[in-house]
Amino acid sequence: MNSSEYWLSIDLSSRIGTLALLSKDSSGLVKSVFSNKFTESGDHSETFIPKLEFLLNQHQMRVKDISRYITCSGPGSFTGLRIALATLKALAYPYQTPIDTVSGSEVRGLSWISKNPLTHSNSIYVVTLITADKFVLGEFKKGSTSSFEFLGDKTLNDWSFLKNAPPSTLILDEKTNPNLIPQHPHISVANEPLHAETLGRFLPLSQSRTSYSSIEEWVQISPEYFGTSKF
């Protein structure tokens, strides 16, 4: 394999666990080498390592060939986020490989915007359900050049923010029931799941990206906690 860098990305923030290996060439182009869903039952800790080992062997690669690890910092299942970080720390330790975290809300928003570049929405809201009456809202605002700026995540208990919102797109996760959302003529609803491949693909564009490159820094890595979230 001839590319200069290989990134391993995993997402365990929801019941569906995904992993992806991406390559970054000397021009900065990021491409997918493989991308897989390895569980839908929430048993991430039991299934991730065997699946990773199988896929690396299939592509004639070893852990030492990986130059960067990527995962979601939140929002999502706190247990899943902790499993992802603990696993990546163990994989990164022997070769002091950097670990990057990024907001899942931002990546889902960037992924949707990339597929809908001509959107007329002035705002993009990304929803991650935490409990029956609580969700995390990631917010994008359109700037003067028609590009979107990620403003970050916040926790809300109701949909009242939609009443005075400008023309917007509301991006739901797989757990949110669209029938429970108040109808507003200027609000469109879409779905955009999070996947390990998109975490890696949009890492270079992320404003929420945080990089950790030493054991001292790895100790400080922890998921963003927004409240109870179960698989």
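## A tour of sheets and pockets

Start at the second largest pocket, where the lining divides into 5 nonpolar, 4 polar and 4 charged residues (Ala, Val, Leu, Ile, Met, Phe, Trp, Tyr, Cys and Pro count as nonpolar, Asp, Glu, Lys and Arg as charged, and the others, Gly among them, as polar). Select Leu-129, Thr-131, Ala-132, Trp-159 and Leu-180, which of its 13 lining residues lie nearest the centre. E6 and E7 are the elements that give two or more residues to this lining. The space here is about 170 Å³.

A few ground rules. This is a predicted model, in which local features need pLDDT of at least 70 and side-chain atom pairs count only at pLDDT 80 or more, while totals for chains, interfaces and linings use all residues. Residues are numbered from 1 along each chain as its sequence is written, and side-chain values use heavy atoms, with hydrogens and water left out. Helices (H or I, at least four residues) and strands (E, at least two) are DSSP runs, numbered from the N terminus. Pockets come from a 1 Å grid over the protein atoms alone: a pocket is an open set of points where a 1.4 Å probe fits, with protein on both sides within 12 Å along at least five of seven lines, and lining residues have an atom within 4 Å of a point. Grid points are joined across faces, edges and corners, and a volume is the space filled by probe spheres set on the points.

Next, colour the open sheet E8-E7-E6-E9-E10, which has 5 strands and mixed pairing (two strands pair if DSSP finds at least two bridges between them). E8 (148-156) and E10 (187-191) stand at the edges with a single partner strand each, so one side of each is left without a neighbour in the sheet. Zoom in on E9 (residues 168-172), which is parallel to E10 and joined to it by 5 bridges; Ser-168 has Ile-187 as its bridge partner there.

Now show the other open sheet, whose 6 strands run in the order E3-E2-E1-E4-E5-E11. Pick out E1 (residues 5-11) and E2 (residues 17-24), antiparallel and joined by 7 bridges. Click Tyr-6 to find its bridge partner, Ser-23 in E2.

Finally, select the largest pocket, with a volume of about 320 Å³. Among its 21 lining residues, Asp-11, Ser-14, Glu-174, Pro-193 and Leu-194 lie nearest the centre. Which helix gives the most to this lining? H3 does, with 3 residues.
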